[in-house]
Amino acid sequence: MKIELKSLEDKLMKVTTKLQKNKYINSVSNGLIAIFPILMVGAFFTIFNGLQYEPYVNFLNETGLKELVSLPVQLTTGMIAIYAVFSISYHLANSFEKDGFTAGLIALVSFLLVTPLTTFENGTIALTFQWTGAGGLFVAFLMAIVITKLYMFLIDKNIVIKMPNGVPPTTKKAFASLLPMFCIVFVALAIRFGFKMTSFENIHGFVYQILQVPLSNLGNTLLVFLLLKLITNILWMFGIHGGLVMYSVAVPLWLSMDYANMDAFNAGEPLPFILGYAFGMLFFQFSGTGNTIGLNLLMLRAKSKRYRTLGKLALPASICGVNEPLIFGTPIVLNPMLAIPFILNPLISGILAYVLTIIGILPRLNGVFMFGVPFGLSGFLAGGWIVALFQLVILVPLSYISYYPFFKKMDAVAFAQESEEEQIEEVHTEVIHEAS
Amino acid sequence: MTYKILLACAAGMSTSMLVERMEEAAKKMNLDVIIDAVPEGKVEKIINDFDILLLGPQVAHLAAQFREEIKDKNIPVDTIDMMDYGMMDGEKVLRKVIKLLGEKI
């Protein structure tokens with residue numbers, strides 16, 4: 001049995017490494033992670049902008065600060081596709097050891113070239129926010145990958161203007177990217193022209209309807225969501241960072257759903273999605289994968305000294321949603337005793353949250369989630385006090401109950417072991433004592 | 001001599017907790033150390049400034065990959081023991097590093 005488990009683990013690791021080290025998937029998630037600071041600013045001001053406390057709202061409106069507070073949101077999450085296309089392209093080119101900055105610029109120009117402009121009656125031409133936010137995110141992913149790939153292809157095929165020796169390297173570099181840049185601009189224009197011929201009018205309309213909406217609907221399906229979370233938790237049982245693996249594919253999708261909610265929240269419109277990245281983090285793993293806060297609390301009052309020490313050590317991190325000390329210190333990894341609560345509790349908590357959202361007791365989340373914020377506060381930021389209460393009063397006790405019977409058994413075994421060891425030590429000391 | 005140790009995990013969060021513990025242990029052991037924790041994606045960029053790479057157990061599956069990537073650099077890659085990681089045992093991890101780098105205290 002032990003050997004079989006080991007080979008299964010090895011196989012799992014091979015598959016997960018492949019998935020995780022895929023350069024395209026990786027560049028999308030790394031590109032998004034790199035622009036997180038911008039999004040944090042957006043999230044922060046979303047909360048400022050959205051607080052529904054009447055004196056505060058009146059104050060903002062009267063002083064004219066309202067416009068100022070909503071501006072950072074509009075220019076961060078409202079333009080997320082612009083930042084994403086550069087960042088993803090930059091990371092992708094870099095991972096192939098090509099000039100990321102140039103690739104990023106070319107991808108950005110191409111993205112703008114395929115994005116429609118609006119001409120107003122007075123003749124002003126404007127780039128509206130319609131496709132620069134969450135709605136344009138998928139085109140940003142696609143353009144970043146396709147254009148960067150094309151750029152790298154042209155460079156590899158040496159389709160560049162070569163300068164004679166003696167020309168300064170900076171000039172050389174600028175000219176080297178000139179020819180690929182022109183080629184790509186023509187490609188982008190062709191894409192624009194091609195879609196103009198269709199009923200979608202531009203690539204954004206096409207990708208949004210054909211790809212983003214169906215995928216988001218899929219991502220917004222509880223069953224798919226549960227399945228991804230289930231696989232993640234099972235991977236963790238084998239000691240593999242499941243989130244890192246599964247989410248590298250799903251996170252771009254979930255984030256685009258969160259940003260759509262954030263946009264709607266800021267505009268005061270109904271929020272389109274129930275599920276998303278924030279939903280997963282706040283309910284399926286509010287205290288780390290497996291919602292182990294109950295296990296941690298049980299440890300604080302354990303009979304076994306080892307668990308008490310670990311419990312104290314792990315608590316602050318647990319509260320902030322980081323639970324690696326528990327996962328490896330208990331250990332939960334390859335521990336059949338804890339597999340049931342570790343895998344099932346998050347699913348039960350998530351389904352409960354989903355049902356309560358459907359029947360209107362919990363609000364839909366505004367998409368704000370910041371890693372490392374203690375639970376309770378994280379719920380408050382994303383959905384107000386009722387979500388915070390749900391986390392603290394329902395989910396924490398639920399976690400405690402889920403882990404209780406399993407941990408009690410483990411604790412008894414560990415305690416028996418510890419007292420046995422102590423006894424042996426005592427006898428040992430006595431023997432030495434007598435001998436001397 | 002100064003030991004330059006790089007730790008990597010998924011987000012660099014939980015390993016940074018271990019870094020604190022290792023620094024405390026180093027102080028007690030009178031060792032000169034530079035320890036940093038980063039997300040696994042950033043390792044390649046800065047590994048040249050370090051003597052050894054330690055992976056958190058949750059990204060142990062990347063060890064082979066990293067060994068392949070930095071094989072010409074003579075930088076050992078090791079996975080932190082699950083229990084030492086969970087109990088945040090800075091001293092044990094540090095002792096293993098010293099052993100791996102072939103130095104005795």
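Biologist: Buried means under 20% relative accessible area, exposed means over 50%, and partly exposed is in between (1.4 Å probe, protein chains only). Which is B:Asp84, buried or exposed?

Modeller: B:Asp84 is buried, at 10% relative accessible area. Remember that this is a predicted model, where local features need pLDDT of at least 70, side-chain atom pairs count only at pLDDT 80 or more, and totals for chains, interfaces and linings use all residues. Residues are numbered from 1 along each chain as its sequence is written, chains are lettered from A and ligands numbered from 1 in the order written, and side-chain values use heavy atoms, without hydrogens or water.

Biologist: Got it. What does B:Asp84 form a salt bridge with?

Modeller: With B:Lys92, and their closest N and O atoms are 3.6 Å apart. A salt bridge here is a side-chain nitrogen of Lys or Arg within 4 Å of a carboxyl oxygen of Asp or Glu. B:Lys92 is partly exposed, at 48%.

Biologist: How many salt bridges turn up over all chains?

Modeller: Four, from a search of the whole structure. One of them joins B:Asp78 to B:Lys96, with 3.0 Å between the closest N and O atoms. That pair links distant parts of the chain, since B:Asp78 sits in strand β4 of chain B, B:Lys96 sits in helix α5 of chain B, and they're 18 residues apart. Helices (H or I, at least four residues) and strands (E, at least two) are DSSP runs, numbered from the N terminus.

Biologist: And how is B:Asp78 classed, buried or exposed?

Modeller: B:Asp78 counts as buried because its relative accessibility is 16%, whereas B:Lys96 is partly exposed at 39%.

Biologist: What about B:Arg95, what's its partner?

Modeller: B:Glu91, with the closest N and O atoms 2.9 Å apart.

Biologist: New topic! At what angle do helices α8 and α10 of chain A pack?

Modeller: About 145 degrees, with their axes 10 Å apart; α8 covers residues 137-156 and α10 covers residues 178-196. (Axes are lines fitted to C-alpha atoms over the stretch in contact, and angles run from 0 to 180 degrees between N-to-C directions.)

Biologist: Which residues make the contact?

Modeller: Among them are A:Met143, A:Ile147 and A:Leu150 from α8(A), plus A:Cys183, A:Val187 and A:Ile191 from α10(A). Contact means heavy atoms within 4.5 Å.

Biologist: Last one: where's A:Leu392?

Modeller: In helix α20 of chain A, and A:Leu392 is partly exposed, at 43%.
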